[in-house]
Amino acid sequence: MVEVIAKQSGLDALECDDFVIGIYADQTMTGELAALDQSLDGGLGQLLAQGELSGERKRVTVVHTFGKIAAKRLVFVGLGESESLAFASIREAAARAVKAVCDRGEGKTVAVYVEDRGAVPAERLAHAITEAFCLASYRYHGYRQQPQSNPPIHKVCLLVEPESLPQAAQGVRKGEALSAGTNLARDLTNMPGNYLTPGTLKDAIVELAERYGMPYEVMDLAKLKVLGMGGVLAVAQGSAEPAYVVTVKYQGRETWDDVIGLVGKGVTFDTGGISIKPVAGMEEMKSDMGGAAAMIGALEAIGRLQPKVNVMLVVGCVENMPSGTAYKPGDVITTMSGKTVEIITTDAEGRLVLADCITYARQEGVSCLIDCATLTGGVVVALGTVCSGAMGNDQQLVEEVLASAERAGERLWQLPTFEEYHELNKSRVADLKNSGGRYGHAIIGAVFLQKFAEDTPWVHLDNAGTAYLTTATDLAPAGATGSMARTVAQFV
């Protein structure tokens, strides 16, 4: 979508529908802007003097050129103070410009120019702008009788100084890869549960693996029974849809060692089971595979970028339904690890699926583990819809994941896993119970999983509050966000 070109002549000669130009809070009519202003008979200077054109953050100003230059419209986006410029603020500013462009028709050709003042390296600048265009122009077409129209943006040309061309090209490559993974996660999470069944999710993972030549294995019900995956099987037994556990291996090193394990909760629809959820908002439970979607999206980015690391993906694909065969509160199940679990609520099903997937990944010899799941409403109470939660048993690994989120421009916050929380998962009749109460629920769910990670360095990401939003943001329309896909890919 984004092409990098060296800036050679004046900005007034570039033909496009919309020309996006970043301006700073202290912007003056010098350099390239002065030449543009002259071509527009001093109009830009007048707008700047009158405050109609401003470099304040969140300001977007559209100026029609009336044929005086090659571009049909100029879209000025405020960047704020140049010294406070950062990756995330550039991306958000550019995303607002993308929304302005998309609102004015379809099939657009767009040019972008941001004066490089050195606060952000050229690679990161190009990466941020690329993500803005790829993510903010995302549309989920759905299942309308009349399909939506063509993509709003056909082509984007990013103008950079000739000496920065290689670095900017690398930034575009990374931005496109991470955006492709994020948008794949969005597509999967937006699909309704009757279209995205456990089998369909399994097929999507297989298709990705085959596309990049990654070895994979699909474990069906018969294999799950042989392995003793009692957590997955318990959740699946209430549904007419069979469950699957899918593994994919990406080998970027000569030897298969030092393997990063990625585990995703792929509950394609969660009714709560016998402990059925309230009707209000239950339609959004199609997004309960948002953790798996993030991991699948991360693998898409990994396939494009080909990093020199080894990765193993494990996803439990299952549906949680109430029926005459469903598991019940009070049941005791045996997980793959041999640990027994008393079922307090069938709506705490994700941790049962993840427990078996974590055990399987550990038995396959991964060196560290990251799991991602829309696990608890508790994390939404704690952090809202702005931020995902991180918990783990290895502080160095946690800090590496937090640093990856910072670099990826995603909000992530660490919650504690004190020993007192572990006490809340103790059962009178089994090794553990699957729900330790409302208070500290996000942490209680995490420390349940910690019992299965055991001594393997592990981080749990709870994106229940961020994977699916009912209101649009600068980077996404309402619906699935692809939250944590970029963070995990950045970590890898």
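## Helix H5 against the sheet

In this predicted model, helix H5 (residues 165–190) lies across strands E1 and E6 and runs at about 175° to E1, where axes are lines fitted to C-alpha atoms, for helices over the stretch in contact, and angles run from 0 to 180 degrees between N-to-C directions. Contact here means heavy atoms within 4.5 Å, and the helices (H or I, at least four residues) and strands (E, at least two) are DSSP runs numbered from the N terminus.

Residues are numbered from 1 along each chain as its sequence is written. Because the model is predicted, local features need pLDDT of at least 70 and side-chain atom pairs count only at pLDDT 80 or more, while totals for chains, interfaces and linings use all residues, and side-chain values use heavy atoms, with hydrogens and water left out.

## The sheet

The open sheet is formed by 6 strands in the order E1-E6-E5-E2-E4-E3, with mixed pairing; two strands pair if DSSP finds at least two bridges between them. Strand E1 (2–6) and strand E3 (60–64) each have a single partner strand and stand at the edges, so one side of each is left without a neighbour in the sheet. From one strand to the next, the twist averages 25°.

Strand E5 (residues 108–114) and strand E6 (residues 153–160) run parallel and are joined by 6 bridges, and Val110 stands opposite Val156 in E6.

## The largest cavity

Searching the whole structure gives 3 cavities of 30 Å³ or more, a cavity being a set of points, on a 1 Å grid over the protein atoms alone, where a 1.4 Å probe fits but cannot get out. The largest cavity holds about 40 Å³ of space, the volume being the space filled by probe spheres set on the points, which are joined across faces, edges and corners.

Lining residues have an atom within 4 Å of a point, and for the largest cavity they include Val20, Leu79, Ile90, Val112 and Ile129. Strand E2 (16–23), helix H3 (87–102) and E5 each give two or more residues to this lining, and H3 gives the most, with 3 residues. The lining divides into 9 nonpolar residues, 1 polar and no charged.

## The loop at Gly228

Gly228 lies in the loop between helix H7 (221–227) and helix H8 (230–236), and its 26% relative accessibility makes Gly228 partly exposed, a class set between buried (under 20% relative accessible area) and exposed (over 50%), with a 1.4 Å probe and protein chains only. Leaving out residues up to four places away in sequence, Gly228 touches Thr334, Thr335 and Met336.

Technical notes
On a 1 Å grid over the protein atoms alone, a cavity is a set of points where a 1.4 Å probe fits but cannot get out, and a pocket is an open set with protein on both sides within 12 Å along at least five of seven lines; lining residues have an atom within 4 Å of a point. Ala, Val, Leu, Ile, Met, Phe, Trp, Tyr, Cys and Pro count as nonpolar, Asp, Glu, Lys and Arg as charged, and the others, Gly among them, as polar.
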